[in-house]
Amino acid sequence: MALLHRPGRPAPTGHPRRLARTAAALAATLALLPPLVAAGGASAQEVPAADVDVHVNTQAALGRLSDTARGVNAAVWDSHMNDPEVAALMKTADVGAMRYPGGSYADIYHWETHTAPGGYVAPGTGFDAFMGTVRATGAQPILIANYGSGTPEEAAGWVRYANVTKNYGAKYWEIGNEIYGNGHYGSGWEHDDHADKSPREYARQVRAYAAAMKAVDPTVKIGAVLTAPGNWPDGIIGEGDPGDWNHTVLSQVTDVIDFVTVHWYAGGSDTSADTAMSRLTRLPGELREVRAQIDRYAGADSPRIGIALTEVNTNTGGAQLTARPNGLFAADAFMTALENGVFNVDWWNTHNGPGAITTVDGETDYGDMGMLASGSCTGDVCQPAPNTPFHPYYGMKMTGELGTAGDTMVAAASSAQDLSAHAVHRRDGRLSVLLINKNPDAARTVDLAYAGFSPSAAAPEVSRYARGDSDITDVTDSGASASRVTVPPYGMIAVTLTPKSGTGPGASAAGIPGTPRLEAVTDTTARLSWAGTTGAARYLVQERDGAHTYLVGETTGTSVSLRNLPPGSTHTVNVLAADSAGRLAAPSDPLTFTTGTPADAACTVDYHRDTSWGNGFVATVSVRNLSDTPITGWTVDWDWPTDGQSVSSGWNATFHQSGRHVRVTAPENAGPLAPDGTSTASFGFVGANDGPNPDPTVFRLNGAVCAGG
């Protein structure tokens, strides 16, 4: 993040295929899983007919909430950063992380002198004062070491002061802020004094910073800066670089880092928060691509490397920022990111400063990227008193109604695009569901159904944040039930249910298995293993497809081989332990893996991205026939991994795209593909991507699966 407001910069999935399963496996699933439940306590009031269905599956775990899940940024130019009210508000919202010293300021900030040459440092914002706020909040700091104008020795001195001299126990340390914005790719907002501004030099310096900092405190965790896939400058290869930013950095640092950081602003030409909410559908694919990149370079060590989303907001200025729709966006963005593999999400910013004044949903929007008012003015329009919460604060706070550190996020699916659903299975057995109605004009009545959870007859606890509410409001007596809830327009409802006695994981004598590990994978098989747990008579491996799960493996041991998988297919699985009575414990954290292509294929396809520019690219595809007979009149087929990918134009072939599927046909009068790989057919195209741009996983020549080139 730049000084007060971020400078402008250039604008810029195949569905998992189900594992093969037998009728016997499905029968076993039905015998073990509780029936789908759509029942609850009697409603005190008449509830309208439902127009949205939400399905929650507690046996499809998405991961555990970390103690740093909800976070905010803090900046040394913010004179209200350490007001006592800040700590009180953030503690109430269960904020577990506070990032310092403030986006791009980090690369000009010198911690020891508390100076930022070229920038403004407000009184009372020094490191010790910040740590006072962190401790009063009950949070952890996320600290950004100065890469732009600092040195590894300066960063090591900060670690020594923080963790040896003061015993603050600061665990998370980023190396610089948005270093890819240092001008190497033509656009520059991030200060960087290094003569070499390439990703190779950044990677080299990350290694130096990590060595110096861990020499002082081996327990600190070091984070490297990545770009968000599908966002500038993703895909751009600078002069002399071996690859784009992410691939170059990750190829050199995975052995010394502990996490990576990405920033995500919904962006787009339409800066409304309503548009931003719709663009959240991109985020899961972008985070999957970050994980895939880490997997590629870290291999079996990949699970050790976390992902932190250390800046998020709808836009970088000029958007609807303090009004109600951005509160809905905040709640949706926090949970969407956490459900898709990040351990920390930090809102930009605690306080920021006013921008363009507009009216949104009947309220003044101050154009301010902060969660709390700074009390400043734009012209003759002034904000409320300092630390008055804006709607995004309540959006973040609403996610705290779902659960706390150690609770399990589980799959929830909504039948309506304008209603988001998120769910958390708490350690005490309760289930909380958050419903976000993004429709400004109509209430949505939701039918709730469950798999793996049986609600008791007790009325649920219900919290609401909607028009007319000045804070999260208890509306337990509103008439909502376990099976039906009405969500006001532009409103949020959180429902917390107790389990029926004798049901759920608490009734099982088995514990939670360890997260499955991928031991080996081929084009059609995968071998998984996991740490066993007490009380387990057998283990079930289930694949998740949306909010539904399917039994794909069963064993009394702690490993299983899955067979007959489609080549190049992606799968997400959990492991559940059953006790001797067949009662299931809570699921493990998920594992996502992708099968490969056959090593003995009769053809090879080499897919190469020649150049990219964030939302577009040029690719060349080369095909060889390895069979012992020539092929005349060839076709090449593939499926794009995400919805936003497409072919715009091409050459040396005829292109046709339907949905995600692309078919390329040999040009007229093309010669045959000679046998034994002695000739090559090549074609190229200009592509577009709205969001992440992962490579296709499988290519077929005349219907036969090919190996990678």
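Is C377 buried, partly exposed or exposed? C377 is partly exposed, at a relative accessible area of 38%.

1. Basis. This is a predicted model, in which local features need pLDDT of at least 70 and side-chain atom pairs count only at pLDDT 80 or more, while totals for chains, interfaces and linings use all residues. Residues are numbered from 1 along each chain as its sequence is written, and side-chain values use heavy atoms, with hydrogens and water left out.

2. Terms for exposure. Buried stands for under 20% relative accessible area, exposed for over 50%, and partly exposed for the range in between (1.4 Å probe, protein chains only).

3. Disulfides overall. The whole structure contains two disulfides, a disulfide being a pair of cysteine sulfur atoms within 2.5 Å. Counting bonded cysteines along the chain, the pattern is 1-2, 3-4.

4. C377 and C382. The sulfur atoms of this disulfide are 1.8 Å apart. The link is right-handed, with 100 degrees about the S-S bond.

5. C603 and C706. Here the sulfur atoms are 2.0 Å apart, and the link is left-handed at -95 degrees about the S-S bond. Strands are DSSP runs (E, at least two residues), numbered from the N terminus. Both cysteines are buried, C603 at 1% and C706 at 2% relative accessible area.

6. A509. This residue sits in the loop between β21 (491-497) and β22 (517-521) and is exposed at 53%. Leaving out residues up to four places away in sequence, A509 touches T534, G535 and D579 (contact: heavy atoms within 4.5 Å).

How values were computed:
Helix = DSSP H or I, 4+ residues; strand = E, 2+ residues; numbered from the N terminus.
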